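Trainee: Please take one part of this model and go through it closely. I would like the cut-offs stated along with the numbers.

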Amino acid sequence: MNKPKKTPIQNPLTVLRVEFDDWAILFDPDSAKTLGINPTGVAVWKLVDGQRGIEEIVEEIREKFSDVSISAEKETSDFIDELYRNGFIGYSLNGVAQ
Amino acid sequence: MNNLSALENATLPKIMRSPRIVRLEISSNCNLRCLYCYYFENSAVDYSNLPTEQWLQFFVELGSMAVTDVSLSGGEPFLRPDLTDLIDGIVQNKMRFGINSNGTLINDHIAEYIAETHRCNYVQVSIDGSSSEVHDSCRGEGSFVKAVRGIKTLQRHDVPVVVRVTLHHHNVHDIANIAAFLLDELGLSGFSINSAGYIGACRKNADEVLLTRQDRQIAMDDLLNLPQKYADRITASAGPLYEAKHWPKMEAARMNHDPAFPKGGHLTACGCPFNEISVRSDGMIIPCSMLAHMVLGRINSDSLQEVWLNNPELNRLRMRRAVPLNEFEFCRGCNYMPYCTGNCPGMAFTLTGDINQPSPEACLRKFLAEGGSIT
Ligand code: SF4
Ligand code: SF4
């Protein structure tokens with residue numbers, strides 16, 4: 001049997017507000033929480049679609065940004081954790097939101 | 001005529017893709033007629049009201065631009081019979097809201113409705129005195145009792161409530177009582193304070209309501225001398241408290257020949273056009289309520305994004321900060337210039353007829369020349 005696939009998925013209430021260039025904030029209108037994110041964060045956010053796993057997201061980020069550091073995987077998963085802790089995303093297990 | 005070549009040659013600073021806050025004057029009606037009201041009696045304004053659907057349509061546009069916050073004002077927003085529909089539209093488009101009100105029409109039903117949205121940043125109620133006698137002197141009989149009842153209703157429903165105090169000739173001696181009433185008796189965590197300005201209906205009643213130079217001195221001194229337990233909880237971005245705190249810094253800098261303050265020496269006040277934009281009750285887009293004559297477009301006909309980024313008049317307002325104060329006869333020879341921002345453009349317009357002027361109403365040199373003192 002396949003191991004269940006846990007994939008991050010955006011909270012549909014979260015607003016991505018691009019402000020200057022590709023710098024942005026994530027905003028939760030219910031809690032009024034905001035989180036400032038850089039252009040890489042914006043790219044990660046757009047890949048958090050409930051389909052891609054963290055490894056796939058890291059891979060796509062590597063392809064998109066040539067200057068991504070060696071520790072990209074850790075940074076990306078830390079960032080996704082931060083999104084989760086702040087309620088900006090949830091996880092889905094085999095496509096079912098948890 | 002001033003030489004404003006700096007404005008012609010200025011380059012536009014970086015602008016956010018969309019405003020953070022959009023201020024909506026949703027109602028041109030009010031059940032009060034405060035003597036110093038900034039909103040009414042502006043000949044440039046059409047005091048008509050948009051139907052519900054037009055506001056709702058506009059909220060979809062705001063949501064798509066990722067605007068996070070709106071404020072609802074007027075006039076009196078609680079006079080709109082469709083207020084709950086408008087709030088629903090704001091919530092559906094993932095925004096939060098604040099409401100500026102005279103507080104007199106707030107009942108349990110609407111307070112509960114607001115609380116249940118979980119999207120309300122604040123309801124701001126205006127209180128101008130510690131008693132009916134003082135508050136009602138400019139706001140009309142019975143308004144104090146109703147406004148206080150409104151605040152208590154909001155508190156009962158856990159709606160975040162804030163208070164704005166406007167100082168004028170008839171309440172300037174009540175400052176300590178107002179602080180005690182709001183902070184001790186009503187248990188508010190704080191309040192903000194300003195003074196009536198020569199704009200809107202206040203122009204007609206200026207002699208009766210505006211602070212005289214002596215009143216302003218009293219207000220500044222009393223506000224600085226409040227017990228610490230109150231002082232830390234009162235905020236101001238303009239008016240006597242702001243001046244009482246900021247002007248001594250300008251004076252100290254002048255005495256020490258300090259380098260210019262970061263925004264000093266130019267028409268840098270204020271930052272609003274970089275963060276927010278407003279809409280009149282008739283749907284006209286304006287930079288802010290203090291510049292209600294300056295129509296930039298119309299909602300649902302003009303794209304707000306386009307207006308925000310590319311309207312030439314709005315961008316000229318933003319570039320005003322390139323204009324040095326030494327271009328103005330009014331400021332010539334002033335030693336405070338490196339520390340001065342030229343003050344509110346809305347007040348500059350209403351007092352001088354020209355937005356690209358320093359506003360004399362918040363001029364430190366003028367205040368001192370008229371016999372004022374700072375500590
Ligand atoms: S100041 Fe406010 S409450 Fe008073 S008349 Fe004007 S809009 Fe109405
Ligand atoms: S004259 Fe008044 S407005 Fe002009 S620089 Fe001096 S303090 Fe500022």
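Trainee: How many salt bridges does the rule find across the interface of chain B and chain A?

Mentor: The model is predicted, so local features need pLDDT of at least 70 and side-chain atom pairs count only at pLDDT 80 or more, while totals for chains, interfaces and linings use all residues. Residues are numbered from 1 along each chain as written, chains are lettered from A and ligands numbered from 1 in written order, and side-chain values use heavy atoms, without hydrogens and water.

The rule finds 4 salt bridges between chain B and chain A, each being a side-chain nitrogen of Lys or Arg within 4 Å of a carboxyl oxygen of Asp or Glu. R20(B) forms a salt bridge with E19(A), where the closest N and O atoms are 2.8 Å apart.

As for contact in general (heavy atoms within 4.5 Å), 17 residues of chain B meet 16 residues of chain A.

The two chains bury about 1,400 Å² between them, with 51% of it on carbon and sulfur atoms (accessible area, 1.4 Å probe, lost on being put together and summed over both). Within chain B, the residues that lose the most area to chain A are R17(B), K94(B) and R96(B), together 40% of what that side buries.
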